[in-house]
Amino acid sequence: MSHDTIAAISTADAMGAVSIIRISGPDTFEIVKKLCHKDVRNMEGYRMVRSEIYDQQEVVDDSLISVFHAPYSYTGEDVVELNCHGGVYLTHKILQLVLGLGARLAKRGEFTQRAFLNEKMDLSQAEAIQDLIVAEDEINTKAAIHTLKGSILRVLRPLEEELIQMIAHIEVNIDYPEYDDVEMLVESDILPKAKAWRQQLEKLVLESEKAQVVKGGVQTVIVGRPNVGKSSLLNALLEEDKAIVTDIAGTTRDIVEGNIRIGSFSLHLIDTAGIRDSNDRIEQMGIEKSKKMIEKAQLILLVMDGSQELTIEDQELLEQTKDKTRIIIYNKKDLGSKYSGVQISASTGQIEALKEKLEALFQQEVLAASGDTLANDRQIGLAKAALGAMDQAIASLEAGMELDLVTLDLQESWNCLKEMSGGRSREGLLDEIFSRFCLGK
C-alpha cells in the first residue's frame, strides 16, 4: 500500500455552486498549512472552518475546510476537504496548487481503496459505493445502501461460523483421535451439518440470482410479425418517437433500443424486425438478428394484433417462445379485440395493462433485491465456488475418506466466502480456529 499523500476533485468536473477537493495521507496537514496559511493539525475533527486559499501570497479563493483526523476519516488517514467555489477553472487551479505542494493525483477509486486497506470497510461495501454512484433506479439504489450497511456480512457470518465449527471439530479429532469415533463423528455430526450448510448457501445463491434479474435491468425483446405494433409499443413505453412507425410491413429492419423504468426497476427494451418469410436480403438479415435476440432475452414481449385472427406466423412465434419468460400482448384494442389477456392500444398510449403485468411478473425478483442477497456476479461466482468445494467435501465424507483431506475442501469453501469481503488466507482461517481455544492451550 502507498503511504504518500493523494488528492483529487471529488465532485463533478463541471460548473456548480461548490466543488470539493479531497486530500488524504501523511502530509495532508502540512500541505494545507502551506496552501491556506493556517495550521489545522490541532483543529477539532468533523468541523469546518473558513479559510482563504493562496497561490504563494495571492488569494485565489475563499473556502471552507473540513478536517478529519486519522483513523476517524473515510480513508483511515488524515483527510482534509477543500470546499471551493465551483468554477471549473478555479477548481483545477486549486488542485494544481495542492499537487505542486507535494500531493499526488489520486487514481480512480484510490480513496475507497485506501479505506478498504485500512479496514474502514470490507470489499463488498467498497463495491456498494460504486453501485450507489451509478444506480439509475430505486431498486439498485436501495440494494447498494443495503450492502453498504453490511447486508453481505450479515448473511455470510453465520455460514462462516458454521464452517469454522465443522473445521475445528475435525481438527480436534485429528489431533486427539481418542476423543471420538471417527465414523460416528462423520455420520452424526459433520455430514448432516455439511448438507444443511450447503442448502443454506444454495438458497442464498438462488435468491441472489433472482435479484440480479431486476438489478441489472431486464433484457426485454419486443417480437411479433410485421405490422402488429411493435415499434408503436416501443415508442409508447419510451414516451418518445424513437422507432419509425408506418403501415408498410418490414419497416423495422434493425435493432432499436431504449431503457425505461417500471415501478422500482428498469427494462432494457429492444424492438426487433418483424418475423416473417421475406425475399428481401436486408430484411432477412434483420429477421435473423431478431431470432438471435430472442435466444438471449430475459423477457419476451410477444405482440399480436388483437383485432385479427392469429396467423401461422403468430402460431410459430408462440411455439418459438414457449420456453421463455414472456408476456403475450394483444395490441389494437381500440379496433376491437378478439382475445382476453393483456390488451393494449400502443398507438394511443393505452399500455397500463402491460405495465401492471410487468410489475406483477417481477414481484418476487423485486422482493429478493430488497433483501439480504449477494450484490453482484463476482460474489455469486464465489458463492458457487464455495458450493462446489462443499459438494466435494460431502462426497469425500460419504466415501469415508480421511478427515484431513475433507478439511481441505471445507477450508476452500471458507476461503471463497472470505474473498467476497476481501480477505483470504490460511493464516486467517487458523487464527479464527485457534482463537476459540482456552487460554494456555
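**Strand pairing and helix packing in a predicted model**

In this predicted model, six strands make up an open sheet with mixed pairing, in the order β3-β4-β5-β2-β1-β6. Its edge strands are β3 (47–55) and β6 (104–105), each of which pairs on one side only.

Me: How do you know that β1 and β6 are paired?
Reply: Two strands pair if DSSP finds at least two bridges between them. Strand β1 (residues 6–9) is joined to β6 by two bridges, so the pair meets that criterion. These two strands run parallel, and Ile6 stands opposite Arg104 in β6.

Me: Why is β1 also called a partner of β2?
Reply: Four bridges join β1 to β2, and the criterion is at least two, so they count as paired. Here the strands run antiparallel. Ser24 in β2 is the bridge partner of Ile6.

Me: Why is β2 described as mostly covered?
Reply: A residue is buried when its relative accessible area is under 20%. Five of the seven residues of β2 are buried, so the strand is mostly covered.

Me: What makes α3 a helix that touches β1, β2 and β6?
Reply: Contact means heavy atoms within 4.5 Å. Helix α3 (residues 110–117) packs on the sheet and touches β1, β2 and β6, so heavy atoms lie within that cut-off. The direction of α3 makes about 135° with that of β1.

Definitions and conventions
Residues are numbered from 1 along each chain as its sequence is written. This is a predicted model: local features need pLDDT of at least 70, side-chain atom pairs count only at pLDDT 80 or more; totals for chains, interfaces and linings use all residues. Side-chain values use heavy atoms; hydrogens and water are left out. Axes are lines fitted to C-alpha atoms, for helices over the stretch in contact, and angles run from 0 to 180 degrees between N-to-C directions. Buried means under 20% relative accessible area, exposed over 50%, partly exposed in between (1.4 Å probe, protein chains only).
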